Amino acid sequence: MSPSTPPASRQAPSQYVAPPRDADAVLEGLDPEQREVATALHGPVCVLAGAGTGKTRALTHRIAYGVRTGILQPASVLAVTFTQRAAGEMRGRLRQLGAEGVQARTFHSAALRQLQFFWPRAVGGELPRLVERKAQLVAEAGARCGVRLDRTELRDVTSEIEWAKVTQTVPDDYAAAALKAGRPTPGDPARTARIYTAYQQVKGERGVIDFEDVLLLTVGMLQERRDIAEQVRSQYQHFVVDEYQDVSPLQQRLLELWLGDRDSLCVVGDASQTIYSFTGATPDHLLDFRLRHPGATVVKLVRDYRSSPQIVHLANALLAGAAGRAARHRLELVSQRDSGPEPVHSRYSDEPAEAEGTARRVRELIAAGVPAGEIAILFRVNAQSEMFEQALADVGVPYQLRGAERFFERPEVREAGVKLRAAARFGGNDTLLNDAAGLPAEVRAVLSDMGWTGIPPAGSGAARDRWESLAALARLAEDFAAAHAEADLAAFVTELGRRAEAQHAPTVQGVTLASLHAAKGLEWDAVFLVGLSEGMMPITYAKSEEQIEEERRLLYVGVTRARRHLTLSWALSRTPGGRSSRDVTRFLAGLRPGASGGAALTRPEDRPAGAGGVERGTVLRRGTDGDAPRRGRRSTVRCRVCGRTLTDGGEMKLMRCVECPSDLDEELYGRLRDWCAEEAGRLRQPAFCVFTDKTLMAIAEARPTTEGELVRVPGVTARKLARYGPALLALCAGEDPAGDADADADSAP
């Protein structure tokens with residue numbers, strides 16, 4: 001596999017693959033750092049994973065490798081993430097890797113199952129009914145306090161109550177806690193505290209609980225009932241937590257109670273992607289992990305398999321100007337993809353012109369071959385969506401709103417599910433399937449009975465939305481049949497049920513419109529970041545340094561959603577003819593083409609603390625600034641020919657720009673590649689696990705004659721020098737390699 005090829009492609013032709021043949025096969029295709037994650041099965045493990053570095057792949061392969069080797073029992077593993085969709089995706093990947101039976105759930109769903117199971121023993125009777133939406137109860141609580149909350153106030157007060165509960169703040173302490181946290185409270189904090197108290201009373205009278213109560217009650221049960229806590233711990237002995245930077249104090253407490261005095265815990269996160277502080281999330285648990293677990297293995301994933309070098313360069317530069325604790329622990333990404341176009345910075349006279357210009361550019365990309373489903377328009381607040389919806393409709397481009405109605409709750413999808421289940425029950429007796437041969441044809445026949453055809457309707461709107469939903473089901477049937485040759489309609493219906501439970505919707509072919517928060521965890525070939533003016537980015541109510549820095553991280557999340565095409569735009573005024581008084585966001589200062597004062601990546605003092613790699617069993621003492629001491633910062637890498645700062649991983653290994661003149665010894669390079677392929681074959685590993693092509697090229701250019709010269713070549717670590725040094729030096733001298741490397745040595749660098 002080429003080092004520029006993502007080991008976890010999102011573009012696979014099918015969503016279904018055969019499981020690996022054995023435990024060793026689970027590790028195939030992982031890069032060295034991902035392999036370290038997968039094989040670190042004992043003790044506490046902390047994975048610091050940058051955007052696009054394949055963290056979910058590393059996590060699922062770690063679990064699967066543990067299960068396939070027999071070190072982990074599937075039923076004893078609890079993998080926790082933050083959305084039902086992410087949990088469903090994780091379960092799906094584990095099934096593909098042959099690790100069925102592992103529990104992958106959200107914090108809330110895992111806690112709810114335990115609460116339902118143990119409630120009769122701990123309290124007696126049935127668990128109170130769970131209310132999914134608390135707004136009506138909050139409105140009633142407000143009325144009891146003599147406060148009539150409008151729609152905006154109701155939303156804000158509800159959010160404050162949720163924040164107070166996940167931070168374990170009682171009503172009497174709310175005002176002081178909100179002030180200490182610097183939260184912009186909706187009106188008088190004392191009033192919010194009174195509504196909070198009344199809300200708790202309303203719930204008690206109705207005999208209901210909310211989502212935050214699920215966690216609070218589970219924590220209380222495990223704290224008070226040691227027998228129940230021990231039973232839970234005997235069931236789950238190994239824990240994995242994804243998106244650990246988003247853990248709230250309440251979730252952290254629940255995790256500690258699940259864990260007990262054990263240390264079989266693996267956490268994954270990126271402090272630079274902390275964007276939910278307003279909900280109580282904090283990266284402190286991630287950043288303090290080694291202080292709580294001094295013997296932890298820490299693995300840093302920085303190889304970005306998602307974005308082009310140009311996009312990664314902008315993302316790194318964006319964070320280089322950051323401040324605060326999370327910024328001091330940022331990861332500098334290194335792109336593994338081929339070069340792409342530079343990000344486009346577009347200024348418009350007004351917001352309608354920005355929407356129209358964006359729609360035109362979207363249409364051009366589609367005409368150039370970029371699928372509509374691989375394009376996204378991302379904005380700061382949902383209120384910005386309407387103008388872009390209209391602009392896309394005007395140019396005939398289909399779109400979908402993310403965060404709107406869930407796929408499996410759409411009327412046409414529910415209707416299709418009913419018809420497919422009926423057809424599966426009747427089987428060959430259903431005349432609708434008489435002329436259908438094979439699963440895809442059977443599904444299309446059922447959808448045709450609903451008026452669906454293979455030709456999309458013109459324009460956009462409800463008719464196009466309905467067509468796209470049914471087309472997604474048809475494509476899903478094709479994927480399922482391609483991976484399961486013997487699958488019938490009943491098996492496909494079962495798969496739909498599993499996906500509906502996990503909210504794992506198939507892809508709908510339309511441009512995605514979403515807020516930056518809703519885009520977290522997703523990616524597209526082309527991304528348009530719109531409305532990037534002061535007052536919207538950062539949002540006007542972000543006042544403190546912490547709030548401003550979270551806005552920067554939110555923009556960083558938006559930038560890192562793009563694979564190849566990225567456009568950043570803003571408008572000088574709100575309406576046509578309005579005063580052109582807006583400035584572009586401060587976060588792009590010095591980063592736009594031709595701008596001055598940027599060049600953030602060239603300042604050595606701003607380099608992040610460490611690149612990709614592994615640290616084991618390090619005992620850290622907290623520094624004077626409250627952080628663990630920094631270690632080993634890398635200096636800026638410059639081209640040895642032209643002097644340009646290098647950020648692309650391949651160029652950094654060569655120590656020169658790709659386009660700059662090379663003094664490569666072609667014959668030596670060929671011999672090095674042949675030797676590397678033989679060594680990899682003997683070890684039964686991909687060739688890049690021995691040395692990447694770029695490292696071999698760098699060796700062929702440097703032609704070292706001593707170990708001291710060889711170890712200075714990027715990619716030749718001390719361990720690899722000890723293992724392969726004599727062979728490499730022999731090859732460079734024109735001699736045959738002197739013996740083989742240790743056959744029992746592992747392939748990690």
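Modeller: Let's begin with a definition: angles under 35 degrees count as roughly parallel, over 145 as roughly antiparallel, 65 to 115 as roughly perpendicular and the rest as oblique. This is a predicted model, where local features need pLDDT of at least 70, side-chain atom pairs count only at pLDDT 80 or more, and totals for chains, interfaces and linings use all residues. Residues are numbered from 1 along each chain as its sequence is written, and side-chain values use heavy atoms, with hydrogens and water left out.

Biologist: Why are α25 and α28 called roughly antiparallel?

Modeller: Helix α25 (residues 666–683) and helix α28 (residues 718–732) pack at about 150 degrees, with axes 10 Å apart. Axes are lines fitted to C-alpha atoms, for helices over the stretch in contact, and angles run from 0 to 180 degrees between N-to-C directions. The cut-off is over 145, so the pair counts as roughly antiparallel.

Biologist: Which residues of α25 and α28 meet?

Modeller: Among them are Leu668, Trp675 and Leu683 in α25, and Tyr724, Leu728 and Cys732 in α28. Contact means heavy atoms within 4.5 Å.

Biologist: What makes Cys676 and Cys145 buried, exposed or in between?

Modeller: Buried means under 20% relative accessible area, exposed over 50%, partly exposed in between (1.4 Å probe, protein chains only). Cys676 has 3%, so Cys676 is buried. Cys145 has 28%, so Cys145 is partly exposed.

Biologist: How many disulfides does the rule give?

Modeller: The count is 0. The rule asks for a pair of cysteine sulfur atoms within 2.5 Å.

Biologist: What makes Glu550 buried or exposed?

Modeller: Its relative accessible area is 10%, so Glu550 is buried. Glu550 is found in helix α23 (residues 545–559). Leaving aside neighbours within four places in sequence, Glu550 is in contact with Thr274, Ile275, Tyr276, Ser277 and Phe278.

Biologist: Which strands stand at the edges of the sheet, and why?

Modeller: The open sheet has 6 strands in the order β11-β16-β15-β12-β14-β13, with parallel pairing. β11 (344–350) and β13 (399–401) each have a single partner strand, so one side of each lacks a neighbour in the sheet. From one strand to the next, the twist averages 25 degrees.

Biologist: How do you know that β12 and β14 pair?

Modeller: Two strands pair if DSSP finds at least two bridges between them. β12 (residues 375–379) and β14 (residues 511–515) are joined by 4. Phe379, for one, has Ser515 as its bridge partner in β14.

Key:
Helices (H or I, at least four residues) and strands (E, at least two) are DSSP runs, numbered from the N terminus.
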